[in-house]
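I opened this entry to look up a few local features.

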Amino acid sequence: METNHTESGASRRAFLKSTGALGAGLYLGSMAKPAAAAGEALALDGGPKAVTHAAAAATKWPLYGDDEISLVTELLRNPSYAPVAEFEEAWKAFFECPYAKAHCNGTNALTSMLFALDLPEGSEILVPDYSTWFPVVPMRLFGLVPVFVDVNPRTMNLEVEDCKKRLTAKTKAVMPVHWFGLPCDLDDICAFADEHGLSVLEDASHAHGARVNGKLIGNWGRMAGFSLQMGKPLPAIEGGMGMYKDQGDYERAVTYGNYDLPNSFPEDSPYRKYQGTAFGSKLRIHPVAAILGRLQLGKLAQYNADGVAQMTRLNERLNQLPGLAAQYVRQGIDRVYYSKNLFFIDEAKAGFSREKAVEALQAEGVDVSVYTWTLLHTYPLMSEAKYWRHMPVLPDAVPGCDQANRQAIQLPYWTSDQPELVEQYAAAFEKVWANKKKLA
Ligand SMILES: Cc1ncc(COP(=O)(O)O)c(C=O)c1O
C-alpha cells in the first residue's frame with residue numbers, strides 16, 4: 001500500500017514550488033484556455049465537460065509527514081505524557097497567550113470554558129443559529145441558556161445588530177464562531193460586548209491562524225475553544241485546545257477535566273484543593289494527538305497561506321460573475337479555509353436558479369452541491385424541557401440564516417496545488433454563466 005506521508009510530502013513540495021510560480025504569474029500561459037469553454041455547448045446539452053482534470057488527492061487532509069510519523073513512533077517506543085505540555089507551550093508561543101490547555105476534543109475545550117465562566121443559573125449566552133451544537137448543548141449541564149441569533153447572509157457569521165435585539169438583563173456572554181474559516185467581525189463584537197459588560201467566548205474551531213485587523217482569532221475573546229479534529233485547519237485527528245487570558249478562568253477550566261493538575265497551580269489558588277476529585281470529567285488530550293497538534297502548528301501558517309492563495313485565484317474569477325459571490329471578506333480580515341469553499345447565488349441577478357446552476361455545473365464535472373445548514377434552534381433537543389434547567393430562547397425569525405440557506409453552494413477546498421482545477425473550475429462557471437438564457 002502506498003504510504004500517505006510520501007504522497008502528501010511530495011504534493012506539498014509541488015504545491016509550494018508551484019505556488020511560487022503562480023505568484024509570479026507564470027501559470028496562465030503554460031496552462032490553459034481561460035474561458036475558452038464559455039462559447040461551447042453546456043455539458044448538460046451534450047457539449048464537452050469543462051472539468052477533465054482528475055486529481056484524486058486534491059482534497060486530502062490531514063497531511064502528515066515523516067516528522068509526525070517518527071515522533072509518534074518514538075512515543076510508542078517510550079510512552080509518556082510529555083508531548084501534552086510541549087504542545088501547550090508551543091501553542092502559547094504561537095498565539096502569544098498566557099494560558100492554554102489541551103483537551104481530548106474541541107467539544108470538551110468549549111465545555112470546560114462554559115464551566116470556567118462560573119455564571120449563575122439562567123444566564124443567557126448569545127450564539128449564532130448558524131453554528132454547531134457542540135458548544136451549545138453542554139450549556140444545559142450548567143443551567144446556561146443559549147439565545148439563538150441571526151447571521152449575516154453574506155458571511156454566515158454572527159450579526160451584531162441582531163445580538164442587540166436579543167439582549168436582556170440576563171445576557172452575560174456572546175459566542176461567535178468563524179464559519180468555515182471566515183472570521184467574524186470581532187472588533188465590532190468586542191465593542192458591543194464591552195458596551196454591555198458581556199464576555200466574548202470564541203468558538204475558534206474553524207479558523208486556526210485567521211486574523212482580524214492583524215490579531216489572531218482566539219485572542220480576541222476572554223476565552224476561546226478550538227477543535228483539532230481531523231477535518232479542521234489544524235488537525236490532530238481528535239483533540240481540542242482552550243485558550244485563556246485570566247488565571248482564574250484557566251484554573252477553573254483545567255480543574256473541570258483534569259484530576260491531576262490542581263497541585264500545579266500556585267499555593268494560594270482556590271482550586272488546588274480539588275486535586276484528585278476535580279469536577280468529574282477527565283478530558284486529557286492523547287499524547288499522540290498532542291504530537292500531531294504541535295507539528296501541525298508549525299506548518300499552519302504555510303498551509304493557510306498556500307490554500308488562501310489558491311482559493312483567492314479561483315474566487316476572484318468567480319466573483320466576477322453576476323449573482324455569484326464567495327463568503328464576503330471584509331477589509332482587515334485574513335481568512336483561512338478548511339473543507340469547503342462557500343458561495344452564494346443570487347438567482348435574480350444570475351438569471352437562473354441555484355438548483356439549475358448546480359445541475360449544469362455538476363454536468364461540467366464540478367464538485368458542487370447545494371449547501372444548507374440545519375439551524376440550531378430547530379433541533380428537537382432545543383425544545384424539550386426535560387433536558388434543560390432553563391429553556392433555550394428560540395428566535396421568531398432568522399432571515400439572514402434563511403437567505404444563506406436559500407443561496408449557498410459549496411465547492412471543495414483543495415489542499416494541494418491544483419492549477420488545472422482552478423482554471424477548469426473557473427472555465428466551467430464562466431461557461432454556465434455564458435449560457436444563462438438556456439438555464440433561465
Ligand atoms: C464550530 C465547531 N465547534 C466545535 C466543534 C467540536 O469539536 P470536536 O469535534 O473536536 O469535539 C466542531 C467540530 O466539528 C465545530 O465545527
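This is a predicted model: local features need pLDDT of at least 70, side-chain atom pairs count only at pLDDT 80 or more; totals for chains, interfaces and linings use all residues.

**Helix pair α3 and α9**

I started with helix α3 (residues 66–77) and helix α9 (residues 287–318), which pack with their axes 10 Å apart at an angle of about 155°. Angles over 145 degrees count as roughly antiparallel, so α3 is roughly antiparallel to α9. I noted the crossing of α3 and α9 as right-handed.

Next I asked which residues of α3 and α9 meet. From α3 I listed Asp 67, Glu 68, Leu 71, Val 72 and Leu 75. Facing them from α9 are Pro 287, Val 288, Ile 291, Leu 292 and Leu 295. I sorted the residues of this contact by type: eight are nonpolar, two are charged and none is polar.

**Strand β2**

I then turned to strand β2 (residues 124–128). Is it enclosed or open? Five of its five residues are buried, so β2 is largely enclosed by the rest of the structure. I checked the two faces separately. Glu 124, Leu 126 and Pro 128 lie on one side, Ile 125 and Val 127 on the other, and all are buried.

I looked up the strand partners too. β2 runs parallel to strand β3 (residues 145–149), and five bridges join them. Within β3, Phe 148 stands opposite Val 127. Strand β4 (residues 171–174) also pairs with β2 in the parallel sense, over three bridges. There, Thr 171 is the bridge partner of Glu 124.

Most peptide bonds are trans, and most residues other than glycine have a negative phi.

- The peptide bond from Trp 61 to Pro 62 is cis, with omega near 0°. I placed Pro 62 in the loop between α2 (27–31) and α3.
- Asp 118 has a positive phi, near 60°. I found Asp 118 in the loop between α5 (106–117) and β2.
- Ala 278 is not a glycine, yet its phi is positive at about 45°. The loop between α8 (247–257) and α9 holds Ala 278.

Last, I asked how exposed Asp 118 and Ala 278 are. Asp 118 has 11 other C-beta atoms within 10 Å. The cut-off for exposed is 12 or fewer, so Asp 118 is exposed. Ala 278 has 19 C-beta neighbours inside 10 Å. Buried needs 20 or more, so Ala 278 counts as partly exposed.

Key:
Residues are numbered from 1 along each chain as its sequence is written. Helices (H or I, at least four residues) and strands (E, at least two) are DSSP runs, numbered from the N terminus. Two strands pair if DSSP finds at least two bridges between them. Axes are lines fitted to C-alpha atoms, for helices over the stretch in contact, and angles run from 0 to 180 degrees between N-to-C directions. Angles under 35 degrees count as roughly parallel, over 145 as roughly antiparallel, 65 to 115 as roughly perpendicular and the rest as oblique. A crossing is left-handed if the near helix is turned anticlockwise from the far one by less than a right angle, and right-handed if clockwise. Two residues are in contact if their C-beta atoms, placed from the backbone, lie within 7 Å. Ala, Val, Leu, Ile, Met, Phe, Trp, Tyr, Cys and Pro count as nonpolar, Asp, Glu, Lys and Arg as charged, and the others, Gly among them, as polar.
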